Amino acid sequence: MISFNKTTFHYSKDSGIYEIDLKINSNEFCFLLGPTGSGKSTLMKLLYFDLFPTNGEVEIFGHSSKKINQKNVYKVRRDLGIIFQDYKLIKQRSVFDNIALPLRIRGESRAVIKDLVDEAIELTELKGLENKFPLQLSGGEQQRVCIARAIVKSPKLILADEPTGNLDPASGYRILKILEQIHAEGTAVIMATHNYKLISEKDYRIIELKKGRIVSS
Amino acid sequence: MIDKLAFLFSEGLKTLMRNRLANILCLITIFINFSVLGTFFIIGFNTDSYINIFRTKYTFEVFFVQDIDQKSIDIVTNTLEQSSMVQKIELVDKDDAAEIFNEEFGENIESLLGYNPLPISLRVDLSRTNFDLDQVETLVNNLQKEISVDEINYRGSYIKDIEDRINLVLFGFLLLVIGILFISIQMISNTISLSINTRSKFIDILKYNGATPLFIKTPFYIESFVLSVFGSFLAFMVVSLVFDFINSYLMLSIRIDNNLWIWMISFSIIVGFYASSKSLNKFLN
């Protein structure tokens, strides 16, 4: 489903990722582990074609970074649910409207939007917060809204870039639990984190990065 | 589909409301530019009409050689009558010519010289509806080849000279119009760039959630559409009122093309669309 073939991307001389060879299967749950600056976010951005490799290739759902046209990147992103450390929520919109956004982009009817958003709200335990605005929520709640927005369109893969980075341990564990639940329902999950303690007890694949190179996978 | 369109339209209006100051400035610029553009259009339109009136007032005179016979006069008259441009032919005989001379110079030419040397001539009036300068020139050239014709008093070249000068002025107007269009494009483009920058996070969120480039662009196109329509319509209203006032105050009859408002609004929409595309493509690529 996903492969990095000798993929290199560098922002400057000493910053980026170098000659990454990696394969991730569908329905897999894996962690990208490494300290800040190890290249986790770069790897994620290469997956949703926010960045393109300097050398080598990234392949996802049959789309190659070498061949894909910038205008068609949206096709890949429609199969992805992306969760950001800084949530990337629209402050002027309610929780409901934030979660409904991918469905509105897809052109779903109001009735379908209502049903799917309700399902996502239930799964992420946000019931009762539908009409609140992001700034009225705690960090953990905002992150759950971000997760609900990512899963509402039933993506093939969830990319979670440090989803617990700004949260207290309890909220972090809650987020991880929700991601495991989503994975149990058949969606692949790649989660980047620098918090080894959070994932140490989990029996999932860990891909460890250091200075832009894979140390273990 | 209807839900999607409603969403995009409401996004476009929200964009308008969020950048009020920039949008008001853009609206004022479109209004000023299209007011000047509309004024040029009216001037150009009326100049063209006046040239046509000027042309239709044009007449020419055919002077015959001395001792001309009636048959030769009839040949020239028939040639003139066959042309659709000729409206009226008036024969000026030697006596009429002497009378005209008397009116103009206050002297009786026969008493002055002892004989009348003035030639017989034809005064030719041209039709307003079928006028064509090139055809007049061809007709005059053909008549000049007739042996019986001594001279043709033809002022077409002066008209052409005046037309050339007017065309030069109109060309100057055209350059100004291009300049105004360029300013309009820049201003709309800058306003849309400003809107894009203030909404860059929102655009990123749309992109990461799988929005197509067209979905992202549509609200900005709606914004520029509204600005273009309002700005140019306002300009049309003001220009029309100003010219109506000038007409009634200075007793002029400057005409305003019935379709001017359609031209102005359509033109501003095209300019707005081009300017927004310019900014959006720059940002999205």
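## Reading a predicted two-chain model

Author: Take contacts in chain B between residues at least 6 apart in sequence: 85% of them join residues at least 24 apart. Keep in mind that this is a predicted model.

Reader: Thanks! Which helices and strands does chain B have, and in what pattern?

Author: Chain B contains 10 helices and four strands. Going along its sequence, the pattern reads α-α-β-α-β-α-α-β-α-β-α-α-α-α. Of its 285 residues, 24% count as buried.

Reader: In what order do the four strands of chain B sit in their sheet?

Author: The general idea comes first. Strands of a sheet pair through backbone hydrogen bonds, either parallel or antiparallel. In chain B the four strands make an open sheet, ordered E2-E3-E1-E4, with antiparallel pairing. Strand E2 (86-92) and strand E4 (149-153) of chain B are the edges, each pairing on one side only. On average, neighbouring strands of this sheet are turned by 20° against each other, direction ignored.

Reader: How many bridges join E1 and E3 of chain B?

Author: Five bridges link strand E1 (residues 59-64) to strand E3 (residues 121-126) of chain B, in the antiparallel sense. For one pair to find on screen, take Glu61(B), whose bridge partner in E3(B) is Arg123(B).

Reader: Which strands does helix H6 of chain B lie across?

Author: Helix H6 (residues 133-144) of chain B lies across E1, E3 and E4 of chain B, and runs at about 155° to E4(B).

Reader: Let's turn to chain A. Why is helix H3 of chain A described as largely enclosed?

Author: Start with the helix in general. An α-helix has 3.6 residues a turn, so residues three or four places apart point the same way. Now the case here: H3 of chain A covers residues 95-106, and nine of its 12 residues are buried, so the rest of the structure largely encloses it. The buried residues of H3(A) include Val95(A), Asn98(A), Ile99(A), Leu103(A) and Arg104(A).

Reader: What do the buried residues of H3(A) pack against?

Author: Elements of both chains. In chain A they pack against helix H4 (110-123) and helix H5 (139-151). In chain B their partners are helix H1 (2-18), helix H8 (200-208) and helix H9 (213-250). Just after H3(A), Gly107(A) has a positive phi of about 85°.

Reader: How many residues does each chain bring to the contact?

Author: Chain A brings 16 residues and chain B brings 16 residues. On the side of chain A that touches chain B, helix H2 (73-77) and H3 of chain A each supply at least two residues. The largest share of that side, four residues, comes from H3(A). By class, that side has seven nonpolar, three polar and six charged residues.

Reader: Which residues have the most contacts inside the largest nonpolar core?

Author: That core has 69 residues, and those with the most contacts inside it include Tyr48(A), Ile99(A) and Leu159(A). Beyond its neighbours within four places in sequence, Leu159(A) contacts residues that include Met44(A), Leu47(A), Tyr48(A) and Ile190(A). A second, separate core of 21 residues includes Phe31(B), Phe220(B), Ala235(B) and Phe243(B).

Methods
Residues are numbered from 1 along each chain as its sequence is written. Chains are lettered from A and ligands numbered from 1 in the order in which they are written. This is a predicted model: local features need pLDDT of at least 70, side-chain atom pairs count only at pLDDT 80 or more; totals for chains, interfaces and linings use all residues. A residue is buried if 20 or more other C-beta atoms lie within 10 Å of its own, exposed if 12 or fewer, and partly exposed in between; C-beta atoms are placed from the backbone. Two residues are in contact if their C-beta atoms, placed from the backbone, lie within 7 Å. Two strands pair if DSSP finds at least two bridges between them. Axes are lines fitted to C-alpha atoms, for helices over the stretch in contact, and angles run from 0 to 180 degrees between N-to-C directions. Ala, Val, Leu, Ile, Met, Phe, Trp, Tyr, Cys and Pro count as nonpolar, Asp, Glu, Lys and Arg as charged, and the others, Gly among them, as polar. A nonpolar core is a set of buried Ala, Val, Leu, Ile, Met, Phe, Trp, Tyr and Cys residues joined through C-beta atoms within 7 Å.
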